[in-house]
Amino acid sequence: MSEDKIYIKNKKAYFEYHILDKYIAGIKLLGTEIKSIREGKANINDAFCTFINEQLYVRNLHIAEYSFGSFYNHEAKRDRVLLLNKKELKKLLTRGEEKGLTIVPLALFISERGFAKLEIGLAQGKKTFDKRETLKERDVKVEMDRAMKR
């Protein structure tokens with residue numbers, strides 16, 4: 001199966017949060033949703049994760065409607081269930097309730113077996129000075145790369 005690698009990254013999450021733990025979760029999708037993801041028509045920048053009735057959901061994950069879909073097409077921004085082990089869910093539930101911690105989606109990709117996976121992270125919000133420090137580090141890295149090319 002020769003298909004391009006689909007890897008949709010949430011750059012905003014790495015800028016806004018310190019990532020403490022990472023998990024790979026499956027997503028419960030409809031047929032037209034996986035087809036749209038394989039076309040690369042998804043956006044996870046505004047998405048966030050929340051627990052509803054002890055199940056982990058991802059909200060505001062935008063998957064564009066499938067262009068060849070009929071009346072069976074899906075809603076672009078619906079809540080989707082994330083599939084994790086019970087042990088991982090319990091750990092995320094207890095750690096997510098701590099003050100200042102949240103669960104954010106980091107990347108959406110297609111696994112080797114063809115399933116859509118969402119990389120989620122347990123994160124702590126950065127302060128303004130941390131964000132400035134991140135920008136400084138990025139600028140220094142760019143300058144070093146430019147100097148190495150010369």
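By salt bridge I mean a side-chain nitrogen of Lys or Arg within 4 Å of a carboxyl oxygen of Asp or Glu. Both residues sit in helix α4 (residues 128–149), three residues apart, about one turn of the helix. Glu143 is partly exposed, with a relative accessible area of 46%, and Arg146 is partly exposed at 47%. On that scale buried means under 20% relative accessible area, exposed means over 50%, and partly exposed is in between, with a 1.4 Å probe and protein chains only.

Before going on, the ground rules. This is a predicted model, in which local features need pLDDT of at least 70 and side-chain atom pairs count only at pLDDT 80 or more, while totals for chains, interfaces and linings use all residues. Residues are numbered from 1 along each chain as its sequence is written, and side-chain values use heavy atoms, with hydrogens and water left out. Helices (H or I, at least four residues) and strands (E, at least two) are DSSP runs, numbered from the N terminus.

Back to the charged pairs. How many salt bridges are there by this rule? The count comes to 10. One of them joins Asp46 to Lys12, at 3.7 Å from N to O. That pair links distant parts of the chain: Asp46 is in the loop between β3 (42–43) and β4 (48–52), Lys12 is in helix α1 (residues 11–16), and they are 34 residues apart. Asp46 is partly exposed at 45%, and Lys12 is partly exposed at 43%.

Another salt bridge is Glu98 with Arg95, 3.6 Å from N to O. Glu98 is partly exposed at 40%, and Arg95 at 25% is partly exposed as well. These two residues belong to a network of salt bridges that also takes in Asp21.

Next, the sheet. It is an open sheet of seven strands, antiparallel in its pairing, in the order β1-β8-β9-β2-β7-β5-β4. Which strands stand at the edges? They are β1 (7–9) and β4; each has a single partner strand, so one side of each is left without a neighbour in the sheet. On average, neighbouring strands are turned by 40° against each other, direction ignored. Two strands count as paired if DSSP finds at least two bridges between them.

Going through some of the pairs: β8 and β9 run antiparallel and are joined by nine bridges. Within that pairing, Ala107 has Glu119 in β9 as its bridge partner. β2 pairs with strand β7 (residues 80–83) over two bridges, in the antiparallel sense, and there Gly26 is partnered by Leu83 of β7. β5 is also joined to β7 by two bridges, again antiparallel, with Tyr57 opposite Val81 in β7.

Now helix α2. This helix lies across β7, β8 and β9, at about 75° to β8. For that angle, axes are lines fitted to C-alpha atoms, for helices over the stretch in contact, and angles run from 0 to 180 degrees between N-to-C directions. Which residues of α2 are buried? They are Thr32, Glu33, Ile34, Ser36 and Ile37. Their cover includes β3, β6 (62–63), β7, β8 and β9. Just after α2, Gly40 takes a positive phi of about 85°.

That leads to the core. A nonpolar core is a set of buried Ala, Val, Leu, Ile, Met, Phe, Trp, Tyr and Cys residues joined through side-chain atoms within 4.5 Å. The largest one here has 27 residues, and those with the most contacts inside it are Ile37, Leu56, Leu82, Leu84, Leu92, Leu108 and Ile120. Two or more residues each come from β2 (17–27), α2 (31–38), β5 (55–59), α3 (86–96), β8 (101–110) and β9 (116–125). Take Leu56: leaving aside neighbours within four places in sequence, its contacts (heavy atoms within 4.5 Å) include Cys49, Phe51, Arg80, Leu89 and Ile103.

Last, Asp130, which is in helix α4. The side chain of Asp130 makes a polar contact with the side chain of His18, at 3.4 Å. A polar contact is a pair of N or O atoms within 3.5 Å; within protein, one must be able to donate a hydrogen and the other to accept it, and residues adjacent in sequence count only if both atoms are side-chain atoms.
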